[in-house]
Number of protein chains: 2
Amino acid sequence: MADKNPELMEKIVSLSKRRGFIYPSSDIYGGYAGFWGYGPYGGDLGHNIKQHFWDKFILEREDIYPISTSIIMNPQVWEASGHVSGFADPLVECDKCHHRFRADQLEDKNKCPDCGGSLGNERQFNMMFETHVGAMEDDSSVSYLRPETAQGMFTNFKNIIDSFHPKLPFGMAQIGKAFRNEISPRDFLFRSREFEQMEIEYFVDPRDPKKIDQIFSDFYEEQQKFLHEIGLTPAKIHKIDVPAEDRAHYSKKSIDTEYDFPFGQKELLGLAYRTDYDLKAHVGKSSADLSYFDEETQERFIPHCIEPTMGVDRLVMAVLSDAYTEDDLGGEKRTYLKFSSIVAPVKAAVFPLLKNKPELVAKAREVYQMLKKEIPNIEFDDNGNIGKRYRRQDEIGTPYCVTIDFDTLGENPDLKDTVTVRDRDTGEQRRVNIKDIVSELK
Amino acid sequence: MADKNPELMEKIVSLSKRRGFIYPSSDIYGGYAGFWGYGPYGGDLGHNIKQHFWDKFILEREDIYPISTSIIMNPQVWEASGHVSGFADPLVECDKCHHRFRADQLEDKNKCPDCGGSLGNERQFNMMFETHVGAMEDDSSVSYLRPETAQGMFTNFKNIIDSFHPKLPFGMAQIGKAFRNEISPRDFLFRSREFEQMEIEYFVDPRDPKKIDQIFSDFYEEQQKFLHEIGLTPAKIHKIDVPAEDRAHYSKKSIDTEYDFPFGQKELLGLAYRTDYDLKAHVGKSSADLSYFDEETQERFIPHCIEPTMGVDRLVMAVLSDAYTEDDLGGEKRTYLKFSSIVAPVKAAVFPLLKNKPELVAKAREVYQMLKKEIPNIEFDDNGNIGKRYRRQDEIGTPYCVTIDFDTLGENPDLKDTVTVRDRDTGEQRRVNIKDIVSELK
């Protein structure tokens with residue numbers, strides 16, 4: 001179990017805002033509890049994580065069909081799935097100040113942590129955000145913001161069968177926003193009210209439990225590899241075999257992956273064998289035919305389902321806190337983000353040594369334009385002195401800085417058309433010929 | 001003005017569902033009026049349109065900062081923006097059947113189009129979806145789903161200034177979902193209740209009206225080029241100079257671009273000069289300092305803003321209807337989608353001539369793997385006979401089909417290691433050496 005480090009958490013939140021990764025939502029109005037927004041670098045970081053998921057789980061295989069369904073669906077979806085009746089957290093209210101709390105997160109269940117008043121009886125609070133669709137605001141128009149992307153896949157199972165006629169096993173995937181009205185949002189992006197999920201529903205043949213076991217453990221391995229590839233330290237990742245009494249009643253097997261966040265070891269992603277619970281629930285409510293026909297054996301049945309699920313924002317936060325590093329470089333303290341090259345928002349930055357020498361700036365822009373054709377996510381920067389620029393690129397986690405100096409222009413003829421390439425982690429610089437930069441950076 | 005063609009519209013909706021482009025939301029529950037979902041090909045089509053926007057308006061320039069803000073924001077944002085008080089459509093209700101209608105869309109304002117009953121008085125119906133945030137469902141917790149992405153940018157103007165210190169002119173951009181509780185959703189994706197926007201807020205120096213005019217007309221040109229690049233027929237695109245009486249009171253100039261949809265000529269995207277209305281509204285409500293400091297002249301002022309805005313779903317629908325083509329090929333009627341290569345969901349498909357010849361299948365998979373490294377969005381297909389496969393690829397708009405036949409394997413030694421490449425639009429096939437396919441396709 002990792003130690004909690006609230007000071008580190010504060011530093012990450014502060015750097016995230018200062019450098020344009022993550023801003024509090026509606027900041028100029030004092031924020032809005034449980035809501036955040038992504039600035040340019042945070043957006044790129046999240047995009048790179050999503051892109052890697054897409055490459056690995058959709059593009060590189062041929063058996064997973066991506067879809068993108070609406071956030072507001074027919075409310076019958078949430079009746080069938082059990083969310084209307086059962087997606088609730090225990091809530092208690094203070095009799096005195098009327099503040100409300102999640103009962104399972106209170107250390108003392110009798111006294112209000114805000115005013116010391118006495119707490120009332122526990123009741124179930126449904127976490128789905130409600131809204132009304134259509135021009136009549138009555139019960140018939142009650143609708144919900146989806147609390148998960150998964151149901152968008154189960155309800156499109158038949159559409160995918162009809163359009164693509166896939167053979168088992170096959171999966172569906174969705175990346176998209178989900179909403180939960182958390183009673184106590186907290187821990188930065190960790191428990192927010194609006195977040196983004198990357199979920200897969202992978203359908204398997206229930207007649208072959210050995211193959212189901214194999215597929216389950218393959219997904220577990222793929223999830224772990226994914227976490228390593230986006231740059232998380234293996235020693236900070238923990239496997240939690242969820243015991244039967246903590247699993248949903250329909251779940252036959254479930255492995256959570258937890259991570260040492262600055263605020264403690266907490267769930268990062270999940271993997272669950274959900275049997276045929278979801279498809280059957282929708283058959284029961286909708287009377288739709290959600291069966292699969294096996295042409296070989298001429299049998300018809302409802303497939304079982306394995307669900308690997310991740311949250312983009314939790315991954316962003318894990319990557320940020322894993323990358324956050326303070327060290328001494330050349331006798332000065334510095335902060336940098338040790339991003340893997342896959343997730344780094346900016347892959348390289350190009351500088352002229354001095355901004356007031358037109359020939360340096362012109363050459364630097366020429367190098368920048370050349371590199372940008374090969375590596376779109378690069379930056380040109382001629383603001384402030386070079387030390388300040390290095391510091392800024394360190395703080396946004398740029399792996400390499402390319403500097404055009406007087407030697408590049410031929411002041412030392414032996415070094416003409418070479419540049420310095422500085423390594424973020426060591427701060428060391430070496431000279432590279434302009435024509436070799438792309439291959440060096442790649 | 002284009003003729004309406006409801007039959008074409010039906011064909012597009014039907015092909016979209018059959019081939020996995022667009023599905024009605026919650027289909028197995030009979031759908032949900034105003035909500036749709038994207039299948040694998042529709043998702044790719046939308047993604048390609050968004051990627052082209054991103055490449056053109058963000059990556060290829062250095063002056064536009066992308067952000068991604070929350071769908072639910074502090075409700076004060078919508079009070080400041082004027083949406084709480086003024087974002088409404090005129091609603092009338094039938095006294096007899098109590099059905100409700102948008103008054104401005106009715107031909108006869110007295111009689112109910114559903115039952116012939118008499119219609120009551122017109123009232124204003126706010127189109128924002130309401131919800132409650134937090135555990136108390138009272139007025140203090142009322143919140144809204146954003147009806148546009150624009151306000152997420154105005155409310156982050158100061159964050160971008162503080163993180164990046166940009167010089168005027170500069171912009172912000174956001175791609176994301178927005179929600180409007182339309183009284184009468186209709187025309188497929190055109191007037192839906194949940195949709196995706198791509199908006200830019202471009203901030204300019206109010207002291208230089210000539211430059212503002214130039215920037216405005218540059219954006220208009222860029223929008224038109226964008227539409228041509230994603231494959232829309234120029235003759236179907238119409239420029240509408242919005243007259244002063246139809247513009248918002250703060251808008252100094254506004255150009256809508258309309259398109260000949262199958263249901264008539266309708267708005268596709270917009271461009272508006274919004275002055276300093278939005279930033280000033282947020283200064284008034286929040287007391288935040290949303291000014292810009294010009295270091296050269298040492299002046300401080302609130303910038304003006306030009307807003308180019310597009311809807312992803314309307315673009316998807318325009319691209320689909322522009323691409324939809326029926327012709328005769330080799331004496332047979334066929335349907336195909338004449339997508340531009342930028343937006344086509346699948347760039348090429350690879351087939352073995354016959355599926356039951358292992359040597360053909362093995363060679364085809366080898367070619368497929370080789371191509372996939374260079375062009376990720378390609379498909380392998382060995383289902384059904386080759387004619388059926390061509391027909392399927394035509395219907396999803398794949399520009400090229402690559403077929404591995406016995407000559408590829410050397411049955412005719414002169415043709416060894418060549419494949420046929422079939423052109424979607426002409427149906428013509430030519431033989432290409434395997435090592436040249438990538439460059440031929442590109």
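**Loop prolines, sheets and a chain interface**

Tutor: Start with A:Pro169, which is placed in the loop between α6 and β9 of chain A. Helices (H or I, at least four residues) and strands (E, at least two) are DSSP runs, numbered from the N terminus. This is a predicted model, in which local features need pLDDT of at least 70, side-chain atom pairs count only at pLDDT 80 or more, and totals for chains, interfaces and linings use all residues. Residues are numbered from 1 along each chain as its sequence is written, chains are lettered from A and ligands numbered from 1 in the order in which they are written, and side-chain values use heavy atoms, with hydrogens and water left out.

Student: Is the peptide bond from A:Leu168 to A:Pro169 cis or trans?

Tutor: Most residues other than glycine have a negative phi, and most peptide bonds are trans. The bond from A:Leu168 to A:Pro169 is cis, with omega near -10°. In chain B, a cis bond joins B:Leu168 and B:Pro169, with omega about -10°. B:Pro169 sits in the loop between α6 (157-164) and β9 (170-179) of chain B.

Student: What is the phi of B:Ser26?

Tutor: B:Ser26 is not a glycine, yet its phi is positive, about 55°. Look for B:Ser26 in the loop between β1 (22-24) and β2 (36-38) of chain B.

Student: Now the sheets. What is the order of the 7 strands in chain A?

Tutor: Two strands pair if DSSP finds at least two bridges between them. In chain A the order is β3-β9-β10-β16-β13-β12-β11, an open sheet with mixed pairing. β3 (64-66) and β11 (237-241) are the edge strands, each pairing on one side only. On average, neighbouring strands are turned by 25° against each other, direction ignored.

Student: How many bridges pair β11(A) with β12 of chain A?

Tutor: There are 5, and the pairing with β12 (residues 253-261) is antiparallel. Across from A:Asp241 stands A:Ile255 in β12(A).

Student: Which strands does helix α6 of chain A lie across?

Tutor: Axes are lines fitted to C-alpha atoms, for helices over the stretch in contact (heavy atoms within 4.5 Å), and angles run from 0 to 180 degrees between N-to-C directions. Helix α6 (residues 157-164) lies across β3, β9 (170-179) and β10 (194-204) of chain A, at about 140° to β9(A).

Student: Where does B:Gly427 take a positive phi?

Tutor: In the hairpin of β22(B) and β23(B), where 5 residues stand between the strands and the phi of B:Gly427 is near 75°. β22(B) and β23(B) are antiparallel over 5 bridges, and B:Val419 is opposite B:Val432 in β23(B).

Student: How many residues does each chain bring to the contact?

Tutor: Chain B gives 77 and chain A gives 77. Buried area is the accessible area (1.4 Å probe) that two parts lose on being put together, summed over both. Here the chains bury about 6000 Å², 56% of it on carbon and sulfur atoms. B:Ile28, B:Tyr29 and B:Tyr32 supply 13% of the area that chain B buries against chain A, more than any other three residues.

Student: How many salt bridges does the rule find across the interface of chain B and chain A?

Tutor: A salt bridge is a side-chain nitrogen of Lys or Arg within 4 Å of a carboxyl oxygen of Asp or Glu. The interface has 2 salt bridges. A:Glu62 forms a salt bridge with B:Arg365, whose closest N and O atoms are 2.4 Å apart. Helix α2 (residues 40-59) of chain B gives the largest share of the side of chain B that touches chain A, 5 residues.
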